[in-house]
Amino acid sequence: MTQHAAHPLLPHAAPASPDLRLMLYGIRRMAAGGIGDAHAAHAFLVSCGLHYRRPLVLLRALVAEVARTGAARLAIGPCCCPRMSSSEGALLAAIGTARARPADAHRQLARLLQVPHCPTVVDCAQALSACFADLGRPLPIGEHACA
């Protein structure tokens, strides 16, 4: 596939934050292999050490809630790709925003999932963002997080 052919499907560069890249990888692996994907679990173990379970379980909950709640199909790129789709960028931006500005995250997620309300998805995003902050790895907030 040429670079021009991939650009409309994956218009954004992967996030600069290693924690958001970890989440992007986890989301992609879980989308491809289910929420119990061993590659995603291994990536969290390597990145977070002994504290890997909480962020992994919270990401699993978020992915399950997005799948359960959403009315839209989200474009998910291959896990090895250094670019990301608009859907992935919006999801990561909402996760980063959820802890500090939950109302903004709710609007972003409702728009992304094409539903009027998605409080459980926002709750999962807030918990995941708070988890990374508790681990001393606060996520960047907002759209600029994925630029």
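**Group meeting talk: a walk through a predicted model**

From the N terminus on, the elements of this protein run α-β-α-α-α-β-α-α-α. That makes seven helices and two strands, where helices (H or I, at least four residues) and strands (E, at least two) are DSSP runs numbered from the N terminus.

Before the details, some ground rules. This is a predicted model, in which local features need pLDDT of at least 70 and side-chain atom pairs count only at pLDDT 80 or more, while totals for chains, interfaces and linings use all residues. Residues are numbered from 1 along each chain as its sequence is written, and side-chain values use heavy atoms, with hydrogens and water left out.

Overall form next. Taken along the principal axes, the C-alpha atoms fill a box of roughly 40 × 35 × 25 Å. A compact globule of 147 residues would have a radius of gyration near 15 Å, and the protein, with 14 Å, agrees with that. The radius is taken over C-alpha atoms, and the globule rule is 2.2 Å times the number of residues to the power 0.38.

Buried residues make up 46% of the 147 residues. Here buried means under 20% relative accessible area, exposed means over 50%, and partly exposed is in between, with a 1.4 Å probe and protein chains only. Of the contacts with a separation of 6 or more, 70% are between residues 24 or more positions apart; a contact means heavy atoms within 4.5 Å.

Now to helix 5. The expected span is 1.5 Å times one less than the number of residues. Why is helix 5 described as largely enclosed by the rest of the structure? Because 11 of its 13 residues are buried. Among them are Ser87, Glu88, Gly89, Leu91 and Leu92. The buried residues of helix 5 pack against helix 2 (18–33), helix 4 (53–69), strand 2 (83–84), helix 6 (102–113) and helix 7.

Helix 6 has 12 residues, which should span 16 Å at 1.5 Å a residue, and its end C-alpha atoms are 16 Å apart, in agreement. Its buried residues are Ala105, His106, Gln108, Leu109, Ala110, Leu112 and Leu113, and they pack against helix 4, helix 5 and helix 7.

Take one of these, Gln108. Its relative accessible area is 14%, so Gln108 counts as buried. Gln108 and Ala94 are 14 residues apart in sequence, and their C-alpha atoms are 6.1 Å apart in space. Ala94 is itself one of the buried residues of helix 5.

What follows helix 6? Gln114 does, with a positive phi near 55°. Most residues other than glycine have a negative phi. Gln114 is not a glycine, yet its phi is positive. The residue lies in the loop between helix 6 and helix 7, and at 57% relative accessibility Gln114 counts as exposed.

On to helix 7, residues 119–134, which holds Phe132. Is Phe132 buried or exposed? Phe132 is buried, with a relative accessible area of 0%. Leaving out residues up to four places away in sequence, Phe132 touches Asp19, Leu22, Met23, Phe44, Pro55, Arg137, Pro138 and Leu139. Pro55 is 77 residues from Phe132 along the chain, and the two C-alpha atoms are separated by 7.1 Å.

For contrast, Tyr25 sits in helix 2. Tyr25 is partly exposed, with a relative accessible area of 25%. Beyond its neighbours within four places in sequence, Tyr25 is in contact with His39, Ala40, Ala43 and Cys79. Tyr25 and Ala43 are 18 residues apart in sequence and 8.2 Å apart from C-alpha to C-alpha.

The largest pocket has a volume of about 320 Å³. Of the 15 residues that line this pocket, Val63, Val66, Ala67, Leu74 and Ile76 are the closest to its centre. On a 1 Å grid over the protein atoms alone, a pocket is an open set of points where a 1.4 Å probe fits, with protein on both sides within 12 Å along at least five of seven lines; lining residues have an atom within 4 Å of a point. Grid points are joined across faces, edges and corners, and the volume is the space filled by probe spheres set on the points.

Helix 2 and helix 4 each supply at least two lining residues, and helix 4 gives the most, with four. By class, the lining has 13 nonpolar, one polar and one charged residues. Nonpolar covers Ala, Val, Leu, Ile, Met, Phe, Trp, Tyr, Cys and Pro; charged covers Asp, Glu, Lys and Arg; the others, Gly among them, are polar.
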